[in-house]
Amino acid sequence: MAAATKTSTTSLAALGDAAVAAVRAVVAASRVCETVRTGELMQSMSKDDKSPVTVADFAAQAIVIHELHAFDASIPVVGEEDADALRGDAEEATQLRQKVMSAVHSLRTDLDEAAVLGAIDRGNYEGGASGRFWALDPIDGTKGFLRNDQYAVALGLVEDGQVVLGVLGCPNLREDLDNPESVRGCGYVAKRGEGCFKFNLDNCESLTKATVTSPPAEEVRLVESVETKHTSHDTSAQIKAAANIKGDSVRMDSQAKYAVVGRGDAHLYLRLPRAGSTHEEKIWDHAGGMLIVEEAGGRVTDIHGKPLDFGQGQTLKNNTGVVASNGVVHDAVIAALAEIYKN
Ligand SMILES: Nc1ncnc2c1ncn2[C@@H]1O[C@H](COP(=O)(O)O)[C@@H](OP(=O)(O)O)[C@H]1O
Ligand SMILES: [Mg+2]
Ligand SMILES: [Mg+2]
Ligand SMILES: [Mg+2]
């Protein structure tokens, strides 16, 4: 890799106050998640939709929203979690609440139960096409987190339906996908019109520019979900063949997929609805990651080539699936998808 030049590095402060607040909040939450993942506080439960949520999801949402509120209390938050499961005297709720408090206190001893539960529940905004709001996924890839694989703390700032700031904390991601010895704990921040930057989660004040890469077909690498319910692996294999993409395929949980495309380690992220799926993608699963790829010079659309529409409430109800790429392979992939999905 080329040595850093003056133009390829910058300070977090140069991206402005909102970026500073967002990055510091994500870094803090990432730390708490790692404390839970590697310590004694892990506990998970199943939500109504049968998906898992853990002590760390709740603690991370509390930490991020508390910090964002201190930055600007007037900006509402669309967050994935709420505190219902932590309230009341039932044994599971009490146990979970105590562990969430311990997780938060590993970083912030000043927050009491009311502050923590209140912060989590402040993430109840419904979103929409006008005004500003944060979209927060306190842990994206909870299943990956529980497997000790990839997960991300993901945050986006949406302004009149457009993502203007995106931040990802990927505590279990190494700097180089092909080097298992490389440094672990990667952060990313993108500001609309100002580029995409990477940083080490241990030092978020110093940023290095991140850009997509465009290798020959033999080296174009696909990334996709580990979970077969979240994407069709069969269809992605068909798309690769039809679009002449010949590199390897890497399965990885969470918006870390956007991060590796944005930094040039992978070149295409496909999220392809399975036949008959009625799943609407959640805005917090994509807001942060999408801007990372776009500002790194890539392209992000749905499977029909339409831009993702973040102004429709909590879901991307106007979109189907996601294609994020280095830009160069995008049109061929969309054309191949049109052939496959017309049937
Ligand atoms: N049937 C489905 N299709 C697509 N995405 C789904 C899904 N069911 C759950 N998800 C989403 O997939 C996300 C994880 O994506 P990935 O497979 O890329 O790791 C989950 O985020 P959480 O882990 O934050 O709940 C969840 O929102
Ligand atoms: Mg979830
Ligand atoms: Mg998610
Ligand atoms: Mg989540």
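Helices (H or I, at least four residues) and strands (E, at least two) are DSSP runs, numbered from the N terminus. I start there, with Glu 113, which is found in helix α4 (residues 113-121).

**Entry 1: ground rules**

I am reading a predicted model, in which local features need pLDDT of at least 70, side-chain atom pairs count only at pLDDT 80 or more, and totals for chains, interfaces and linings use all residues. Residues are numbered from 1 along each chain as its sequence is written, while chains are lettered from A and ligands numbered from 1 in the order in which they are written.

I needed a rule for burial. A residue is buried if 20 or more other C-beta atoms lie within 10 Å of its own, exposed if 12 or fewer, and partly exposed in between; the C-beta atoms are placed from the backbone.

Next I checked Arg 97, in helix α3. Arg 97 counts as buried, because it has 20 C-beta neighbours inside 10 Å. Its C-alpha atom is separated by 19 Å from that of Arg 31, 66 residues away along the chain.

Helix α2 (residues 55-71) has 17 residues. From first C-alpha to last it reaches 25 Å, close to the 24 Å expected at 1.5 Å a residue. The expected span is 1.5 Å times one less than the number of residues. α2 is mostly covered, with 13 of its 17 residues buried.

How many residues of α8 are buried? I found nine of its nine. Among them are Ala 287, Met 290, Leu 291 and Glu 295. Just after α8, Gly 297 takes a positive phi of about 100°.

**Entry 2: two domains**

I turned to the domain assignment, whose bounds come from an automatic or database source. It gives domain 1 (11-209) and domain 2 (217-341). Their C-alpha centres lie 23 Å apart. I then looked up contacts, which need C-beta atoms, placed from the backbone, within 7 Å. In these terms, 38 residues of domain 1 are in contact with 30 residues of domain 2.

Which element gives the most to the side of domain 1 that touches domain 2? It is β7, with seven residues. That side divides into 19 nonpolar, 10 polar and nine charged residues. I note the classes: Ala, Val, Leu, Ile, Met, Phe, Trp, Tyr, Cys and Pro count as nonpolar, Asp, Glu, Lys and Arg as charged, and the others, Gly among them, as polar.

**Entry 3: ligand 1**

Where does ligand 1 lie? Both domain 1 and domain 2 give residues to its shell, so it lies between them. A residue is near the ligand if its C-beta atom, placed from the backbone, lies within 6 Å of it. Of the 18 residues around ligand 1, Gly 141, Ser 225, His 230, Asp 253 and His 279 come nearest. β5 (132-140) and α5 (142-146) each supply at least two residues of the shell. The largest share, three residues, comes from β5. By class, I logged one nonpolar, nine polar and eight charged residues.

**Entry 4: the UniProt sites**

I checked the record. UniProt, in an unreviewed entry, places the feature "binding site" at Glu 80, Asp 137, Ile 139, Asp 140 and Asp 285. UniProt positions are given in the numbering used here, feature names are shortened, and annotations may be inferred rather than shown by experiment.

I looked at two of these sites more fully. Glu 80 lies in the loop between β4 (77-79) and α3 (91-105). Glu 80 counts as buried, with 23 C-beta neighbours inside 10 Å. Leaving aside its neighbours within four places in sequence, Glu 80 is in contact with Leu 136, Asp 137, Pro 138 and Trp 284.

Asp 285 lies in the loop between β13 (268-271) and α8 (287-295). Asp 285 is buried too, with 23 other C-beta atoms within 10 Å. Not counting residues up to four places away in sequence, Asp 285 touches Asp 137 and Asp 140.

How values were computed: Two residues are in contact if their C-beta atoms, placed from the backbone, lie within 7 Å.
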